[in-house]
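Here are a few notes to read alongside the model. Have a look at it first, then go through the points.

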Amino acid sequence: MQTEFLSETDEIVQNSQDYTLFSWSKQKGLNPIAIKRAEGIYLYDYEDKRYLDFSSGLMCVNIGHGNQRVTQAVVEQMQQVSYVTPSCVTKARGELGKKLAEITPGNLTKTLFTVCGATSIENAIKLARLYTGRHKIIARYRAFHGASYGAMTAGGDPRKLAADSQQAPNIIHVEDPYCYRCPWGKEITTCNRECVSHIERVLEFEGPENVAAIIMEGESGTSGCIKYPPDYLQKVRALCDKHGILLIADEVMSGFGRCGEWFGVDVHGVVPDMIATAKGLTAAYLPLGALIVSDKIAAYYDDKPLMLGLTYSAHPVACAAGVEVLKIYEDENLIENCREMGKYIEQTVEGMKDVHPCIGDFRNTGLLGCFELVKNRETKEPMAPFNAKPAEMEIMNKVGAKIKELGMYAFVRWNYVFIAPPLSITKEQVDEGMAIISQALSVADAYVY
């Protein structure tokens, strides 16, 4: 009997494939990268091949990889206490809550700590219904709010369709302000914001007195970085105020400097009633989410029980990581760097448009952006359709494979190639990354007619 000897990489991959499940994927035929270590904006596999992480993991490692300040903060907390029940308090919990109150817009000063983005969204929906006594939630089709049932239903992402029969009730979806593919066939310079009057009509149909909240991403993420018209969120805020509806901002991806401000809503000068967030709160070094609410909502529960709770709410070790990460944003001027590098990327893309006819549109805010690839700029035929089936992803799979081959980890979905590197990225590293993407776009150029 011949014994099969596996390399270290092969054994790591095989163990993961044999004994773990992979998200959003068929389980056979996967070829994952086995990551040994990470530093700054780079990942390294067990053969020491370097990958430029141009998506900050899942748009979450905002401070870059391997910052040992966070390691030290976590170790020190664990040496003191690793867990207390949410009815107890720790120094890290109070410090993190206080810092969030300082950086959030308006009067959002009280935080319920959760464990991830989805649990932040779930609790935001619950709280909106409890606080208002209403039951309906308005959400956008091209949005992703998480994979738990309530959050999944609130999103319009087609990944939910497999479990669609069990979706949460009383969530109504509206069209998106997708200017590149306007549902009303308008141009942003001459339209009458039909995307807003559409929401107003839906409110009339559903009865605004029944609507507890409208949920909007601070800035669009995995649905294609669909940029809001300049006054869109302000007009949605006005609709909420008119009808006594709460505005929930999903800042899971767009928060903590990703859009060049602390939160995506800051770009639009809008103060929501709640912010649901996670990811950049700890830069994904540990799982932690937060639901941050207004003083008015918080005061309502001064003499009433708040019927929300989680075993790991305000987990001391995660909170300690969050405290240190927020210091790093400020100490290393990461938000300012995000704005500068975002502008630099936008300038770089303008030159790339002349070289690559496959670029139909590029949408970006800070360091949250994506290319939309098309076969024809006039017809805007996409390289892969919305909710593309595997057979329809042939071209984009080739683009993604070329990106990986050239030493980049990037998020490719449908006809989108995303750009969301750590906020610590330098001009030289931007140049390195954009050169790789440019080579990969040449693959798509061959399919332009």
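1. Let's start with the second largest pocket: α3 gives the most to its lining, with 6 residues. Helices here are DSSP runs (H or I, at least four residues), as strands are (E, at least two), numbered from the N terminus. Lining residues have an atom within 4 Å of a point on a 1 Å grid, and a pocket is an open set of such points with protein on both sides within 12 Å along at least five of seven lines, where a 1.4 Å probe is used.

2. Before going on: this is a predicted model, where local features need pLDDT of at least 70 and side-chain atom pairs pLDDT 80 or more, while totals for chains, interfaces and linings use all residues. Residues are numbered from 1 along each chain, and side-chain values use heavy atoms, without hydrogens and water.

3. Back to the lining: α3 (68–80), α4 (91–103) and α11 (316–331) each supply at least two residues.

4. Now the rings. Y131 and Y300 form an edge-to-face pair, 5.0 Å centre to centre with 80° between the planes (centres within 6.5 Å make a pair; planes under 30 degrees apart are stacked, over 60 edge-to-face, the rest tilted). Y131 sits in helix α5 and Y300 in helix α10, 169 residues apart.

5. Y131 is buried at 17% relative accessible area, whereas Y300 is partly exposed at 33% (buried is under 20%, exposed over 50%, partly exposed in between, with a 1.4 Å probe and protein chains only).

6. Finally, F386, F411, W414, Y416 and F418 form one aromatic cluster.

How values were computed: Rings of Phe, Tyr and Trp (its six-membered ring) pair if their centres lie within 6.5 Å; planes under 30 degrees apart count as stacked, over 60 as edge-to-face and the rest as tilted.
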